[in-house]
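Let's walk through a protein together, going from the whole chain down to single residues. Keep the picture in view as you read.

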Amino acid sequence: MSGEAPRRGDQGDVALSVLDMVPVSAGRTRSQALADMRDLAVAADTAGYERYWLAEHHGSTTYMSSATTVLMGQVLAATQRLGVCSGGIMLPNHAPLVVAEQVGTLASLYPGRVSLGLGRAPGTDRLTAAALRRRSASLPDFVEEILETLTYLGSVPGRRGTGSRLPPSRLALRCRS
């Protein structure tokens, strides 16, 4: 190869992505795990990967991915063109307005590079879920929270949002019963 990053289409139209839960490997510190995340993101960006997904997990000594939007901001700041996605933010763990404001701010800082994946799985154990003051994850409640989040992002026609517009095409919604 000439040293150029592969472009989409060079791999048979397969877009390559990274899914990172930011593991704290044996013998490594939490700070080192975060530095490893940044290094992996830079390597993925340089290699021509399309997206970098960060998964939400709380109450874990193994994974550092509890503050998804904070990590997204670090990856966005460390890379040049890589799309960065929450894979996903567990909406029953967060107020929809806060999710919309945080992701909307990132989308304003890094136009065209931010995607929002939403889920409703606990992402943790029962004790931690209780500490998060987790709300109902029923399908009707989840759908309502998705609409509320989209409204705040200004992505629902006819509803007033916060002005931080994230197009619906940049959303990845996971519905699991």
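Among the contacts in the protein with a separation of 6 or more, 72% are made by residues 24 or more positions apart. Keep in mind that this is a predicted model. The protein has five helices and six strands, and along the sequence they follow the pattern β-α-β-α-β-β-α-β-α-α-β. Of its 177 residues, 38% count as buried. The protein exposes about 9500 Å², and carbon and sulfur atoms supply 55% of that area.

Now look inside. Which residues have the most contacts inside the largest nonpolar core? They are Tyr-52, Leu-54, Val-75 and Leu-118, in a core of 30 residues. At least two residues of this core come from each of H1, strand S2 (51–54), helix H2 (68–78), H3, S5 and helix H5 (139–152). H3 gives the largest share, five residues.

Leaving aside neighbours within four places in sequence, its contacts include Asp-20, Val-22, Met-37, Val-75 and Gly-88. Helix H2 also deserves a look: its buried residues include Thr-68, Leu-71, Met-72, Val-75 and Leu-76. The buried residues of H2 pack against H1, S2, S3, S4, H3 and S5.

In general, most residues other than glycine have a negative phi, and most peptide bonds are trans. Val-22 is not a glycine, yet it has a positive phi of about 55 degrees. You can find Val-22 in the loop between strand S1 (17–20) and helix H1 (30–46). Is Val-22 buried or exposed? It is buried, with a relative accessible area of 1%. As for Gly-88, the peptide bond that joins Gly-87 to it is cis, with omega near 5 degrees. Gly-88 sits in the loop between strand S3 (83–86) and strand S4 (89–90).

Next come the charged side chains. Side chains of opposite charge can pair when their charged atoms come close. How many salt bridges does the structure hold? There are three. In one of them, Asp-36 pairs with Arg-28, and the closest N and O atoms are 2.7 Å apart. Asp-36 is partly exposed, at 33% relative accessibility, and Arg-28 is partly exposed too, at 35%. Another joins the side chains of Asp-45 and Arg-81, at 3.0 Å from N to O. Because Asp-45 lies in helix H1 and Arg-81 in the loop between H2 and S3, this pair ties together parts that are 36 residues apart in sequence. Asp-45 is buried, at 9% relative accessibility, whereas Arg-81 is partly exposed, at 41%. Glu-50 and Arg-51 also meet in a salt bridge, at 3.8 Å from N to O.

The side chain of Arg-113 does have a polar atom 3.0 Å from the backbone oxygen of Leu-82, and a polar atom 3.5 Å from the backbone oxygen of Leu-76.

Key:
Residues are numbered from 1 along each chain as its sequence is written. This is a predicted model: local features need pLDDT of at least 70, side-chain atom pairs count only at pLDDT 80 or more; totals for chains, interfaces and linings use all residues. Side-chain values use heavy atoms; hydrogens and water are left out. A polar contact is a pair of N or O atoms within 3.5 Å; within protein, one must be able to donate a hydrogen and the other to accept it, and residues adjacent in sequence count only if both atoms are side-chain atoms. Helices (H or I, at least four residues) and strands (E, at least two) are DSSP runs, numbered from the N terminus. Buried means under 20% relative accessible area, exposed over 50%, partly exposed in between (1.4 Å probe, protein chains only). A nonpolar core is a set of buried Ala, Val, Leu, Ile, Met, Phe, Trp, Tyr and Cys residues joined through side-chain atoms within 4.5 Å. Contact means heavy atoms within 4.5 Å. Accessible areas come from the Shrake-Rupley method with a 1.4 Å probe; for residues, only the protein chains shown count as cover. A salt bridge is a side-chain nitrogen of Lys or Arg within 4 Å of a carboxyl oxygen of Asp or Glu.
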